[in-house]
Amino acid sequence: MVLDALSQAPKEGQLQVKRLIKRKKTKFSDDIRAVGDHWIREEQGDFIFGCEARLDIERISLNEDSLKH
């Protein structure tokens, strides 16, 4: 969904978000949270990406291991 929202964004911004997604998958694959609200803005030629990590407790089954985050 995030990448779809960025389809018209500058390629550099798309690349940075793709890097963040890859980092999440490789370093934090056991974290069951997902991106909630997200934003991207440009300041003085730099892209700033921000987001909130959210856990949809109505749609997941929790076990003891998933509560460690």
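# A conversation about a predicted model

Biologist: Where does Asp31 lie?
Modeller: Asp31 sits in the loop between α2 and β1. Please keep in mind that this is a predicted model.

Biologist: Is Asp31 buried or exposed?
Modeller: Asp31 is buried, because its relative accessible area is 12%, and buried means under 20%.

Biologist: Which side chain does the side chain of Asp31 make a polar contact with?
Modeller: The partner is the side chain of Arg33, at 2.6 Å.

Biologist: Let me step back. What does the secondary structure of the chain come to?
Modeller: The chain has two helices and two strands. Along the sequence they follow the pattern α-α-β-β.

Biologist: How many residues are in the chain, and what share of them is buried?
Modeller: There are 69 residues in the chain, and buried residues make up 13% of them.

Biologist: And what pLDDT does the chain average?
Modeller: The average pLDDT is 79, and 81% of the residues score at least 70. Confidence is lowest in α1, with a mean of 80, and highest in α2, at 87. Where pLDDT is low, the predicted coordinates should not be read in detail.

Biologist: On to α2, then. How far apart are its end C-alpha atoms?
Modeller: They are 24 Å apart. Helix α2 covers residues 11-27, and at 1.5 Å a residue its 17 residues should span 24 Å, so the two values agree.

Biologist: Which residues of α2 are buried?
Modeller: Gly13, Gln14 and Val17 are buried in α2. They lie on the same side of α2, because they cover an arc of only 100 degrees around the axis.

Biologist: What do the buried residues of α2 pack against?
Modeller: They pack against α1 (2-5), β1 (34-43) and β2.

Biologist: Which exposed residues does the face turned away from the buried side carry?
Modeller: That face of α2 carries Lys11, Lys22, Thr26 and Lys27.

Biologist: Back to Gln14 for a moment. What is its relative accessible area?
Modeller: The relative accessible area of Gln14 is 12%, so Gln14 is buried.

Biologist: Which residues does Gln14 touch, leaving out those up to four places away in sequence?
Modeller: With those left out, Gln14 touches Leu6, Ser7, Gln8 and Ala9.

Biologist: Now the strands. In what sense do β1 and β2 pair, parallel or antiparallel?
Modeller: The pairing of β1 and β2 is antiparallel, over eight bridges.

Biologist: Which residue in β2 stands opposite His38?
Modeller: Cys51 stands opposite His38. Another pairing involves Glu42, whose bridge partner in β2 is Phe47.

Biologist: What about side chains in a regular strand?
Modeller: In a regular strand the side chains alternate between the two faces of the sheet.

Biologist: How many residues stand between the strands in the hairpin of β1 and β2?
Modeller: The hairpin has two residues between its strands. Gln44 is placed in the loop between β1 and β2, and its phi is positive, at about 50 degrees, although Gln44 is not a glycine.

Biologist: Is Gln44 buried or exposed?
Modeller: Gln44 is exposed, because its relative accessible area is 85%, and exposed means over 50%.

Biologist: One more residue, Arg54. Where is its place?
Modeller: Arg54 belongs to strand β2, which covers residues 46-54. Arg54 is partly exposed, with a relative accessible area of 43%.

Biologist: Which side chains does the side chain of Arg54 join in polar contacts?
Modeller: One of its polar contacts, at 2.9 Å, is with the side chain of Asp37. Another, at 3.2 Å, is with the side chain of Glu52.

Biologist: And which residues does Arg54 touch, not counting those up to four places away in sequence?
Modeller: On that basis Arg54 touches Arg33, Ala34, Gly36 and Asp37. Arg54 and Gly36 are 18 residues apart along the chain, and their C-alpha atoms are separated by 5.4 Å.

Biologist: Last one, on the whole chain. Of contacts between residues at least 6 apart in sequence, what share joins residues at least 24 apart?
Modeller: The share is 26%.

Definitions and conventions
Residues numbered from 1 in each chain as written. Heavy atoms only, no water. Helix = DSSP H or I, 4+ residues; strand = E, 2+ residues; numbered from the N terminus. Buried < 20%, exposed > 50% of the residue type's maximum accessible area, 1.4 Å probe, protein only. Contact = heavy atoms within 4.5 Å. Polar contact = N/O pair within 3.5 Å; in protein donor to acceptor, adjacent residues only side chain to side chain. Expected span 1.5 Å × (residues − 1). Arc of directions from axis to C-beta. pLDDT = per-residue confidence, 0-100. Pairing = 2+ DSSP bridges.
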